[in-house]
Amino acid sequence: MAIESLSPAACTTIEEVGSTGVGALTIVFLVLAVSTIVFIARSSSAKETKQYYFCSIYICAFSTLAYFAMLSGQGWTAVAGCRQFFYVRYADYAITFPLIILQLGLIAGAETSIIAATIGAEILYVATFYFASVSVVTTVKWFWFVIGAIALVCVLVSISKNMRESAVTRGGDVASLYGQLATIVTVTFIFYPVYNSCSNMVCT
């Protein structure tokens with residue numbers, strides 16, 4: 001089975017992000033930058049919650065850098081169809097998603113082993129979805145996608161069951177806060193990377 005490849009040099013014209021996309025990237029960049037500054041300012045007066053602020057700072061900071069890279073025309077390559085593919089998104093996911101898992105685990109008071117296992121599955125999920133996005137051969141794409149989907153299920157089970165049980169044990173306020181955050185994280189983990197990966201799989 002021959003595997004096709006495509007280098008940026010093979011394209012005479014590359015389909016790049018349009019003005020609407022640039023506007024959206026700019027808005028997200030500004031929101032993340034401001035959020036980073038706010039978390040830094042609040043962390044200085046935090047005591048028992050300082051660890052949560054540190055997680056939030058790095059989550060927002062790394063995402064800010066990723067969006068700045070995209071706005072600056074960096075962190076991308078040409079893929080099949082001469083389209084612009086921002087691999088910097090997945091570099092962002094590989095750093096920020098584990099930090100989000102760590103933050104949820106800290107809030108829930110989950111065991112270190114559970115947090116570590118969930119982070120491992122999360123990294124596997126991001127890596128396989130990246131390979132699914134850049135693969136040219138359809139069967140290879142779906143192989144990576146299925147492996148990533150399995151890893152994602154493991155992550156969601158841990159968030160919705162194992163960590164939630166730890167949060168419930170800690171009491172009402174913690175359980176309530178964890179429930180709200182877990183819902184947001186679950187939706188983000190399902191739709192954002194999956195949307196990006198599926199878009200590339202359909203287009204290529």
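Helices (H or I, at least four residues) and strands (E, at least two) are DSSP runs, numbered from the N terminus. The model is predicted: local features need pLDDT of at least 70, side-chain atom pairs count only at pLDDT 80 or more, and totals for chains, interfaces and linings use all residues. Residues are numbered from 1 along each chain as its sequence is written, and side-chain values use heavy atoms, with hydrogens and water left out.

**View 1. Thr183 in helix 6.** Thr183 lies in helix 6. Is Thr183 buried, partly exposed or exposed? Buried means under 20% relative accessible area, exposed over 50%, and partly exposed in between (1.4 Å probe, protein chains only). Thr183 has a relative accessible area of 47%, so this residue is partly exposed. Ser160 sits 23 residues away along the chain, and its C-alpha atom is separated from that of Thr183 by 8.7 Å.

**View 2. The protein chain overall.** Six helices and two strands make up the elements of the protein chain. Their order from the N terminus is α-α-β-β-α-α-α-α. The protein chain has 204 residues, and 39% of them are buried. Contact means heavy atoms within 4.5 Å. Among contacts between residues at least 6 apart in sequence, 71% join residues at least 24 apart.

**View 3. The nonpolar cores.** A nonpolar core is a set of buried Ala, Val, Leu, Ile, Met, Phe, Trp, Tyr and Cys residues joined through side-chain atoms within 4.5 Å. The largest one holds 30 residues. Which members touch the most others? They are Phe97, Tyr125, Ile159, Met163, Tyr178 and Phe189. Helix 3 (88-108), helix 4 (112-134), helix 5 (138-170) and helix 6 (172-203) each supply at least two residues of this core.

**View 4. Helix 2 against helix 3.** The axes of helix 2 (residues 50-71) and helix 3 come within 9 Å and cross at roughly 170°. Helix 2 is therefore roughly antiparallel to helix 3. Axes are lines fitted to C-alpha atoms, for helices over the stretch in contact, and angles run from 0 to 180 degrees between N-to-C directions. Angles under 35 degrees count as roughly parallel, over 145 as roughly antiparallel, 65 to 115 as roughly perpendicular and the rest as oblique. The crossing of helix 2 and helix 3 is left-handed. A crossing is left-handed if the near helix is turned anticlockwise from the far one by less than a right angle, and right-handed if clockwise. On the helix 2 side, the contact includes Tyr52, Tyr58, Phe62 and Met70. On the helix 3 side, it includes Val88, Ile95, Leu99 and Leu106. The contact residues divide into 16 nonpolar, five polar and two charged. Ala, Val, Leu, Ile, Met, Phe, Trp, Tyr, Cys and Pro count as nonpolar, Asp, Glu, Lys and Arg as charged, and the others, Gly among them, as polar.

**View 5. Leu99 in helix 3.** Leu99 lies in helix 3. Its relative accessibility is 19%, so Leu99 counts as buried. Not counting residues up to four places away in sequence, Leu99 touches Cys55, Tyr58, Ile59 and Phe62. Ile119 is 20 residues from Leu99 in sequence and 8.3 Å away in space, C-alpha to C-alpha.

**View 6. Helix 3 against helix 4.** The axes of helix 3 and helix 4 come within 9 Å and cross at roughly 160°. Helix 3 is therefore roughly antiparallel to helix 4. This crossing is right-handed. Helix 3 contributes residues including Phe97, Pro98 and Gly105. Helix 4 contributes residues including Ile119, Glu122 and Tyr125. The contact divides into 15 nonpolar, three polar and one charged.
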